[in-house]
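Morning, everyone. I'll walk through it element by element.

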Amino acid sequence: MKRILAISDIHGELKLFDSLLEKVKYDADEDQLILVGDYVDRGPDSKGVLNRVSELKRNGAVVLRGNHDEMMLNVVDGVSGALGRWERNGALMTLQSYDSSIESVILSAGAEFEKHISLIREMDYYYETKDYIFVHAGVSPDTPVQKTDPHTFLWIRELFYEKYSGDKTVIFGHTPTSAIRQEKNHDIYFGEIILSVLMEQRPMAGSSTVWNCPVRERTLWRKNKERLSLYCEVSFLKGD
């Protein structure tokens, strides 16, 4: 296994996702791909993204759940208040990827939609190795991951990236990197020290406690017409 590749927050951008996998020359036989959640909403082809995610999972990718994926699942399960919350966060574009005639947030009754709901139900909240924790939003600084409320893995922000000091490096998405830095800097966030990244530049090495690896960082998306995708190459550090 040469590389561990972590990708987060695809948000319905199938063309971007496919382009990124091609750009990094992803090889399922050689690389471990870890997808860190948020496959649906906001972008034009959530259905296509979930089809691709399902295919990648069959070929060995680790597929984790994001808060947008959970919002979609909660609506299907009839959780109180879930419909309004999902509607405010891009539900309509997701549903229109299944049926372009949909004009309001009405659940699809199609077999493909049901298949994707089953896929989301199977997604874990985090993935842990000897050196890393992969998770959508972050972890509780004071609670072992095994005892953490799943809601934390999907929604936590400042409490995590401002306070976490655990032994394992955490690779996460969810929070725009400009929000973490509190400045108009949309580059991938690596904690305090730089590590290996592909961003139209030569890779650099170092170490860090937290890395934020967004594929579709919202501020960057508005700024860049090509919506350049980014990823973290995790294995550069340890030579795994």
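Which residues in helix 1 meet which residues in helix 2? From helix 1 they are Leu-14, Phe-17, Asp-18 and Leu-21, and from helix 2 they are Gly-48, Val-49, Arg-52, Val-53 and Leu-56. Contact here means heavy atoms within 4.5 Å. The residues of this contact divide into six nonpolar, one polar and two charged. For those classes, Ala, Val, Leu, Ile, Met, Phe, Trp, Tyr, Cys and Pro count as nonpolar, Asp, Glu, Lys and Arg as charged, and the others, Gly among them, as polar.

Some ground rules before we go on. This is a predicted model, where local features need pLDDT of at least 70, side-chain atom pairs count only at pLDDT 80 or more, and totals for chains, interfaces and linings use all residues. Residues are numbered from 1 along each chain as its sequence is written, and side-chain values use heavy atoms, with hydrogens and water left out.

Now the overview. The chain has 11 helices and nine strands. Helices (H or I, at least four residues) and strands (E, at least two) are DSSP runs, numbered from the N terminus. The chain has 240 residues, and 52% of them count as buried. Buried means under 20% relative accessible area, exposed means over 50%, and partly exposed is in between, with a 1.4 Å probe and protein chains only. Take the contacts in the chain with a separation of 6 or more: 66% of them are between residues 24 or more positions apart.

Back to the helices. Helix 1 covers residues 14-23 and helix 2 covers residues 46-58. Their axes come within 9 Å and cross at roughly 35°. Axes are lines fitted to C-alpha atoms, for helices over the stretch in contact, and angles run from 0 to 180 degrees between N-to-C directions.

Helix 2 also meets helix 6, residues 111-122. Those two axes come within 10 Å and cross at roughly 55°. That makes helix 2 oblique to helix 6. On that scale, angles under 35 degrees count as roughly parallel, over 145 as roughly antiparallel, 65 to 115 as roughly perpendicular and the rest as oblique. On the helix 2 side, the contact is made by Lys-47, Leu-50, Asn-51, Val-53, Ser-54 and Lys-57. On the helix 6 side, Glu-112, Lys-115, His-116, Leu-119 and Glu-122 take part. This contact divides into three nonpolar, three polar and five charged residues. Val-53 is one of the residues that meet helix 1, and Val-53 is also among those that meet helix 6.

Next, Tyr-125. Where does Tyr-125 lie? Tyr-125 sits in the loop between helix 6 and strand 4, residues 126-128. At a relative accessible area of 22%, Tyr-125 is partly exposed. Leave out residues up to four places away in sequence, and Tyr-125 touches Leu-64, Arg-65, Glu-70, Phe-134, Val-135, His-136, Pro-150, Phe-153 and Leu-154.

Glu-70 is on that list. Glu-70 belongs to helix 3, residues 67-76. Is Glu-70 buried or exposed? Buried, at 14% relative accessibility. Setting aside neighbours within four places in sequence, Glu-70 is in contact with Arg-65, Tyr-125 and Leu-154.

On to the rings. How many aromatic pairs does a search of the whole structure find? Seven. Rings of Phe, Tyr and Trp (its six-membered ring) pair if their centres lie within 6.5 Å; planes under 30 degrees apart count as stacked, over 60 as edge-to-face and the rest as tilted. Tyr-132 and Phe-134 have ring centres 6.0 Å apart and planes at 55°, so this pair is tilted. Tyr-132 is buried at 1%, and Phe-134 is buried at 0%. Phe-160 and Tyr-164 are tilted too, with centres 5.8 Å apart and planes at 50°. Both Phe-160 and Tyr-164 are buried. Tyr-125 comes back here, forming one aromatic cluster with Tyr-126 and Phe-153.

Last, two backbone points. Most residues other than glycine have a negative phi. Lys-25 is not a glycine, yet its phi is positive, about 55°. Lys-25 is in the loop between helix 1 and strand 2, and is exposed at 69% relative accessibility. Arg-42 also has a positive phi, near 75°. Arg-42 is in the loop between strand 2 and helix 2.
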